[in-house]
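Please have a look at it first.

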Amino acid sequence: MPKSEAIRNEEPAVRDDGEAAFEIVELLFFAYRDFTSDPDAILGEIGFGRAHHRVVHFVGSRPGMSVADLLETLSITKQSLARVLKQLIDAGYVRQTTGPEDRRQRRLFLSARGESLRQELLAPQLERISKAFGGLDASERDAVKTFLSRMCNDDPAALCGALLSSNDGKRP
């Protein structure tokens, strides 16, 4: 039997919570598809994609962040960011300034147009989360946040904590 046929005939790899984990994998795929669908449609109308969305989101939630910080947050290379950032700057969504101490450092901010786009992209996502949280008590919402945090390679709580402290404890 060819190797590819043998692989197809094998049962999926199952761990301790095999069935539950498999369901979560599929639910995450569907949730991500639906979570990004509204912003994708908005971005498609202006010729942008998910990379643009990520930049607009993080620059908007962390005004004045450096390009180096954005690269680290997104875990991408300078080359990957360059085209997307140039398009956002050229279209008037993002503005760039030099750092206060080091003139080589570039600080990023959303323009009024960029903030408007950010809010338009964020609105359907916040609505989707609000609907999903409907009927859940505080401990159940905390369990969702804990689960999602544990799915991340980095500590999103540390990133979110830095975000909250830089915005006087309020979400942007």
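**Sheet, core and confidence**

Let me begin with helix H5, which lies across strands E2 and E3 and runs at about 105 degrees to E2; that angle is between N-to-C directions on a scale from 0 to 180 degrees, with axes fitted to C-alpha atoms, for helices over the stretch in contact. Residues are numbered from 1 along each chain as its sequence is written, and side-chain values use heavy atoms, with hydrogens and water left out.

The protein chain has 8 helices and 3 strands, taken as DSSP runs of at least four residues (H or I) and at least two (E), numbered from the N terminus. In sequence order the pattern reads α-α-α-β-α-α-β-β-α-α-α.

The 3 strands make an open, antiparallel sheet in the order E1-E3-E2, where pairing requires at least two DSSP bridges between strands. Its edge strands are E1 (65-66) and E2 (94-98), each pairing on one side only. Between E1 and E3 there are 2 bridges, with Met65 opposite Leu108 in E3, while 5 bridges join E2 to E3, and there Arg95 stands opposite Phe109.

What holds the most contacts within the largest nonpolar core? Of its 21 residues, Val55, Leu70 and Leu88 touch the most other members; such a core is a set of buried Ala, Val, Leu, Ile, Met, Phe, Trp, Tyr and Cys residues joined through side-chain atoms within 4.5 Å. Elements that each supply at least two residues of this core include helix H2 (18-45), helix H3 (50-61), helix H5 (78-90) and strand E3 (106-110). Leaving aside residues up to four places away in sequence, Leu88 touches Phe48, His52, Val55, Val56, Tyr93 and Val94, a contact being heavy atoms within 4.5 Å. Over the protein chain, 23% of the 172 residues are buried, meaning under 20% relative accessible area with a 1.4 Å probe, protein chains only.

Finally, confidence: the protein chain averages a pLDDT of 85, and 81% of the residues score at least 70, pLDDT being the predictor's confidence in each residue, from 0 to 100. Over residues 161-172, however, pLDDT stays under 50, and the model has 12 contacts beyond four places in sequence for that stretch. Where pLDDT is low, the predicted coordinates should not be read in detail.

Key. This is a predicted model: local features need pLDDT of at least 70, side-chain atom pairs count only at pLDDT 80 or more; totals for chains, interfaces and linings use all residues. Buried means under 20% relative accessible area, exposed over 50%, partly exposed in between (1.4 Å probe, protein chains only).
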